[in-house]
Structure formats: C-alpha cells, structure tokens
Amino acid sequence: MNTLRSMWNNEPLKLVMLVAIALRLLATFFSPGYLMHDDHFLVVEQAASWADGEDADRWLPTSQRENPQPHPANFAYVGTQYVIFKALKAVGMEDPEFMMIFIRLFHAIYSLLIVYFGFKIAETISNKRSAAMVGLLLAALAFMPNFSVRQLVEFICIPPLMWSSWVLIKRQGDYRWFDFAIAGIGIGIATGFRFQCGVFGLGVGLALLLQKEWKGLFILGFSSLFFFAVAQIQDVFIWGEPFTQLRAYIEYNNANSGNYPNGPWYMYLLTVAGFLIPPVSLFLLFGFGYIGRKHLLLFVPAVAFFIFHSYFPNKQERFIFPFIPYLVILGVIGWNVWLERSSFWAKRQKLLKGMWSFFWVINIAGLLVLTFTYGKRSRVESMDYMYEQGDEQNFLQVFAASRALPPLYYQGDWTANYWYQPGETDLEQQRQFMCEKRDVRPVPNYVLFYGTMEEIQKQLTVFSDRYPTLTYDTTIEPGNFDKLLHWLNPINSVEYVQIYTVDPEDICKD
C-alpha cells in the first residue's frame with residue numbers, strides 16, 4: 001500500500017498506465033465475444049472474410065452481380081483489420097478464437113494512448129494532481145477496459161483526436177507551423193476512420209479562429225483534408241473514384257435517419273451523466289463548463305461534437321464516446337479549480353469524500369462485471385463448437401423469436417446458411433428449396449435451435465416429426481451478462497442454443 005501511495009504521489013503516470021494495462025489485459029483474455037452488431041459484423045466479419053478471399057456481406061463491387069452499389073460503411077478501419085487478419089494467417093494462425101485474442105490485445109495496447117494523452121494534456125494545462133485523477137478515470141472507468149478491446153470505430157478514432165489535441169496543447173500558444181500540420185494528421189486520420197470526427201476538426205478550426213491563428217488554421221485545415229483523403233484512398237482502387245463510401249454514407253443516413261434509435265436533444269447529457277456515475281458525473285459536467293472558456297482548443301471541438309450528435313437524428317449511446325475523454329480532462333480540472341474557491345465544499349469535505357467513495361464502489365462493481373463479460377456467448381460458442389467438430393457442411397438456424405445473424409467468423413466457413421422462423425418460414429417449402437439448391441449450397445448437417453429452453457422444445461417437436469434423424473449434440477448457455485440483462489429487464493432476450501446433427505439425405509428424402 002505504501003508503494004502505491006508513493007507512486008501516486010511521485011510517479012502517477014506510471015501508476016495509472018499500470019492500472020490501464022492490467023485492466024485491459026483482463027478484458028483481452030476474459031471478455032471474448034462481441035457486444036453488438038457493429039463491433040463484429042461491420043468489422044471482424046467483413047475483414048476476416050476478405051482475408052479468406054470471401055466477401056461476407058457483399059460490400060465489394062466484385063461480389064455484386066448487377067449495378068453494384070457501395071455499402072454505406074467506412075472501409076478505412078475495416079481495412080486495417082483486414083491487414084492484421086491477413087498477417088496472422090500469413091504466419092500460420094487459423095484458429096478464430098486465438099486470432100481474436102490477438103486482435104483484442106492489439107486494441108488494448110492502442111487504447112493506452114487515450115490514458116497517456118489524457119494525463120499529459122491535463123498535466124500541461126493544470127497540475128500533476130489533476131492529471132493523476134484524469135489518468136485514473138480514463139484507465140478505470142467501468143466501461144473503458146471492455147470497450148477498449150472492442151472493434152468499435154467510436155473508440156478507435158479517439159487516440160488520433162487526442163494526439164492532435166496534445167500536439168497543440170503542449171506548445172501552450174508558442175506554435176510552430178509544423179505543430180498545426182501534425183495536429184492535422186491526427187484529425188485527418190480520425191475523420192478517415194469515423195466521418196463524424198470532421199465536426200471535431202471544424203471545432204478546432206473555430207478555436208484557432210477565435211485565437212486569430214490564421215496561418216495555423218490554414219495549415220491545419222490543409223493537413224486534415226489531405227490525410228483524410230489518404231485514409232480514404234482505397235475508394236479509388238475499389239470503386240474507381242474518390243470518396244465513394246463517404247457519399248454512400250451520407251445518402252444512406254439522409255434516407256434512413258428515421259429508421260434508427262432517436263431521442264430528445266438532451267439524451268447525451270443523460271448518457272454521460274449515467275455512464276460516469278452521479279454525483280461525480282455532475283461534478284465533471286459542471287467543471288467542464290466552468291473551465292472550458294480558458295481552454296478553447298479542447299472545449300470548442302468537444303462541444304461542437306456533442307451538439308452535432310445531440311441534434312443528429314440517429315442517436316446511439318456509443319456515438320458520444322469520443323467526447324468523454326475531453327469531458328474528463330476539463331471536468332476534473334474545472335471541478336478542482338471550483339473546489340479551491342468554494343467555501344461550501346471547504347466545510348463539507350466528509351460529504352465530498354463520501355460521494356467519491358460511492359462513485360468508486362459503483363464503478364468497481366461495474367468493472368468486475370464488464371471486464372469479465374462474455375458478449376453474445378451462446379452465438380459465438382455455437383459457431384466455435386462446429387469449428388471444433390470439423391465436419392460441418394452447412395447448418396440450419398431455427399429461431400423461436402427474432403432472427404439473428406450467425407457470427408460465421410468463429411465457424412471458419414463463409415458458406416451461406418439457412419434459417420427458419422415460425423410464422424415466416426414454411427418448413428416443407430424450405431426443405432424443398434434446400435434440396436433444389438444442393439448443387440450450389442450444401443444441405444445442412446447441423447440444426448441449431450435458438451431461444452429459451454421452453455421455446456426450443458416446441459420447435460423440436462415440429463422438426464423431429466419431419467427429420468427423425470435429428471441427434472442431440474450439445475447445449476450452449478447464454479453468458480452471465482446476458483442473463484443479468486434479462487433479469488434486470490425481461491425485454492432483453494436470454495438465448496440458449498441447442499445443437500443437433502441431422503443426416504442431409506434425411507432432409508431430402510421424400
């Protein structure tokens with residue numbers, strides 16, 4: 001304990017980096033699977049299929065038969081994962097689970113830059129005490145380790161943004177022309193990974209305008225645009241013209257803005273207040289506003305980004321994550337400045353300490369849950385099970401409730417599969433279709449039943465009558481986190497998967 005206290009007082013950066021590394025390593029090895037559609041199917045599934053010479057969701061024009069249309073996705077970050085998968089396969093790695101450990105480890109190491117830059121920025125504009133708290137929060141906020149090892153572009157874009165901020169902040173107004181050029185590289189790369197980061201870049205430009213840094217504004221703008229174009233150069237090779245994916249992304253969002261989760265303009269205020277745990281989250285929001293005007297290069301772009309997402313129709317909680325490190329940096333500094341001037345809090349130190357103790361108790365509890373969360377366990381392990389058997393030709397998925405995409409990456413086979421859902425699929429017509437297509441797509445030799453155990457039993461009755469050779473193999477249970485979410489709110493499904501083998505000849509028997 002004395003060693004930790006000594007490090008906190010004398011070498012806080014070393015201590016917070018060790019905490020960050022330890023937590024992210026735990027998440028790397030004990031938080032497998034995926035959390036949502038985007039961090040797997042828009043990154044891992046696509047990149048891994050390209051590395052195998054396939055195209056999982058037909059993003060590429062060569063996979064589309066007529067009138068190929070660009071997928072409304074950003075290829076830049078996915079392309080980096082394709083390179084990693086390709087490199088892993090080149091050195092003989094094939095096991096999907098093992099490769100994903102390496103991918104998570106790569107992301108864990110990369111995410112340490114958030115902690116490092118956060119500490120250095122806070123130390124430069126404030127003091128080591130504030131920097132230590134900033135670093136500790138960025139290292140150990142309940143959601144940070146888990147999300148840091150995910151393939152979420154909302155997290156991937158943060159390090160280059162913070163690098164850009166650090167390059168300018170460390171000069172403290174004594175800028176050189178190449179400081180703006182280097183800062184522009186960070187903004188350009190971040191925007192290349194996630195288009196919405198361009199709003200952050202506009203905010204930096206506005207802050208420079210307010211500081212009357214005309215030359216810096218021009219250099220940073222040119223550098224940002226140039227490196228954004230570099231990050232999108234793959235469009236020229238894939239589609240034959242630049243910025244094809246950007247146009248497709250804008251057109252798609254304009255046409256489908258009402259088809260995604262929305263919320264009131266203040267939704268993200270509630271999001272950050274909840275994610276950062278009140279009352280400390282309220283301290284940070286207050287401190288952010290209190291000190292912001294003194295640090296325009298951090299405050300203006302962060303506010304611009306926040307306002308943009310607050311009014312953009314598609315609102316999902318993870319979209320606001322690039323704002324959080326800036327809230328933490330300015331929030332901690334501003335709150336500490338306020339405490340030094342506040343007679344109210346000077347007389348209520350025990351109350352303040354109690355509030356922080358409450359925060360850390362809740363946060364540590366969250367860390368223990370999220371750092372060891374196996375996301376979508378039943379879906380991942382059902383695919384992994386068939387990979388380990390080594391005899392899968394194709395499989396049929398039977399959904400008792402809503403249909404879900406199978407994470408084929410973990411199965412190691414990109415063959416198109418079949419699915420059945422009561423009320424949407426006719427069993428006999430599907431059987432005939434599978435048999436008619438057997439020369440193009442193999443008839444399944446596995447059947448996977450998804451749902452609660454009661455729902456699965458109902459579907460088994462239907463299928464057993466038609467396919468008498470169904471043979472039980474195993475049951476994959478949902479993860480503890482999925483069970484917890486279902487317990488907290490039954491609207492969240494708890495999904496078991498029962499795996500059966502079946503004789504393909506039995507399926508096609510009249």
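# Surface patch, cavity and salt bridges

Arg377 is partly exposed at 24% relative accessibility, where partly exposed is the range between buried (under 20% relative accessible area) and exposed (over 50%), computed with a 1.4 Å probe and protein chains only. The model is predicted: local features need pLDDT of at least 70, side-chain atom pairs count only at pLDDT 80 or more, and totals for chains, interfaces and linings use all residues. Residues are numbered from 1 along each chain as its sequence is written, and side-chain values use heavy atoms, with hydrogens and water left out.

**Salt bridges**

- The structure has 16 salt bridges, each defined as a side-chain nitrogen of Lys or Arg within 4 Å of a carboxyl oxygen of Asp or Glu.
- Arg377 pairs with Glu381 in one of these salt bridges, with 3.5 Å between the closest N and O atoms.
- Glu381 has a relative accessible area of 22% and is therefore partly exposed.
- Both Arg377 and Glu381 belong to helix H22, where four residues, about one turn of the helix, separate them; helices (H or I, at least four residues) are DSSP runs numbered from the N terminus.
- Asp179 is buried, because its relative accessible area is 2%.
- Arg171 is partly exposed at a relative accessible area of 22%, and Arg176 is partly exposed at 35% relative accessibility.

**Nonpolar surface patch**

- Leu18, Ile21, Leu25, Leu26, Phe29, Phe30, Ile364, Leu368 and Phe372 make up a nonpolar surface patch of about 810 Å².
- Patch members have over 30% relative accessible area and no salt bridge, and nonpolar side chains (Val, Leu, Ile, Met, Phe, Trp, Tyr) are joined within 5 Å; the areas come from the Shrake-Rupley method with a 1.4 Å probe.
- Helix H2 (12-30) and helix H21 (349-370) each contribute at least two residues to the patch.
- H2 gives the most, with six residues.
- Phe372 lies in the loop between H21 and helix H22 (377-389).
- Phe372 is partly exposed, because its relative accessibility is 39%.

- One cavity of 30 Å³ or more is found in a search of the whole structure; a cavity is a set of points on a 1 Å grid over the protein atoms alone where a 1.4 Å probe fits but cannot get out.
- The largest cavity has a volume of about 40 Å³, the volume being the space filled by probe spheres set on the grid points, which are joined across faces, edges and corners.
- Its lining, meaning residues with an atom within 4 Å of a point, consists of His107, Tyr110, Ser111, Ile114, Ser148, Phe155, Ile156 and Pro159.
- Helix H6 (96-125) and helix H9 (153-156) each supply at least two lining residues.
- H6 provides the largest share of the lining, four residues.
- Five lining residues are nonpolar, three are polar and none is charged, with Ala, Val, Leu, Ile, Met, Phe, Trp, Tyr, Cys and Pro counted as nonpolar, Asp, Glu, Lys and Arg as charged, and the others, Gly among them, as polar.

- Arg431 is located in helix H23 (residues 427-436).
- Arg431 is buried, because its relative accessibility is 6%.
- Between Arg431 and Arg466 the C-alpha to C-alpha distance is 9.7 Å, at a sequence separation of 35 residues.

Conventions:
Patches are made of residues with over 30% relative accessible area and no salt bridge: like charges are joined within 9 Å, nonpolar side chains (Val, Leu, Ile, Met, Phe, Trp, Tyr) within 5 Å. On a 1 Å grid over the protein atoms alone, a cavity is a set of points where a 1.4 Å probe fits but cannot get out, and a pocket is an open set with protein on both sides within 12 Å along at least five of seven lines; lining residues have an atom within 4 Å of a point.
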